[in-house]
Amino acid sequence: MKGVPYIVRGLTLECEFEFEAGEPRTLDDPGWPDIYTLTGAWLDGVNVTAIIDPAVVQELEERARWP
């Protein structure tokens, strides 16, 4: 995903995620959910990925899983 806007703590970030597909649950295997990893975040065109609070990164990745 590229350039997806998310509002976090009053700021609108343009976010880019790497996607890894999960596997569905079966009777023999619990499977696992899709995984989204934040690879970039921009605020007003400035890359702020390196300075984002880890809690915000986790929130963004969770929100990307459930659009």
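**Sheet, helix and aromatic cluster**

Tyr 36 is buried, with a relative accessible area of 14% (buried means under 20% relative accessible area, exposed over 50%, and partly exposed in between, with a 1.4 Å probe and protein chains only). The model is predicted: local features need pLDDT of at least 70, side-chain atom pairs count only at pLDDT 80 or more, and totals for chains, interfaces and linings use all residues. Residues are numbered from 1 along each chain as its sequence is written, and side-chain values use heavy atoms, with hydrogens and water left out.

**Sheet and helix**

- Four strands form an open sheet in the order 1-2-3-4, with antiparallel pairing (helices, H or I of at least four residues, and strands, E of at least two, are DSSP runs numbered from the N terminus; two strands pair if DSSP finds at least two bridges between them).
- Strand 1 (4-8) and strand 4 (46-47) are at the edges with a single partner strand each, so one side of each has no neighbour in the sheet.
- Seven bridges join strand 2 (residues 11-20) to strand 3 in the antiparallel sense.
- Within this pairing, Glu 14 stands opposite Trp 42 in strand 3.
- Helix 1 (residues 54-65) packs on the sheet and touches strand 1, strand 2 and strand 3 (contact means heavy atoms within 4.5 Å).
- The direction of helix 1 makes about 130° with that of strand 1 (axes are lines fitted to C-alpha atoms, for helices over the stretch in contact, and angles run from 0 to 180 degrees between N-to-C directions).

**Aromatic pairs**

- The whole structure holds three aromatic pairs (rings of Phe, Tyr and Trp, the last by its six-membered ring, pair if their centres lie within 6.5 Å; planes under 30 degrees apart count as stacked, over 60 as edge-to-face and the rest as tilted).
- Tyr 6 and Phe 17 make an edge-to-face pair, because their ring centres are 5.7 Å apart and their planes are at 80°.
- This pair links Tyr 6 in strand 1 with Phe 17 in strand 2, 11 residues apart.
- Tyr 6 is buried at 10% relative accessible area, and Phe 17 is buried at 4%.
- The rings of Phe 19 and Tyr 36 have centres 5.0 Å apart and planes at 50°, so that pair is tilted.
- Phe 19 lies in strand 2 and Tyr 36 in strand 3, 17 residues apart.
- Phe 19 is partly exposed, at 43% relative accessibility.
- Tyr 6, Phe 17, Phe 19 and Tyr 36 form one aromatic cluster.

**Leu 43**

- Leu 43 belongs to strand 3 (residues 35-43) and is partly exposed at 26% relative accessibility.
- Leaving out residues up to four places away in sequence, Leu 43 touches Leu 11, Thr 12, Leu 13 and Val 48.
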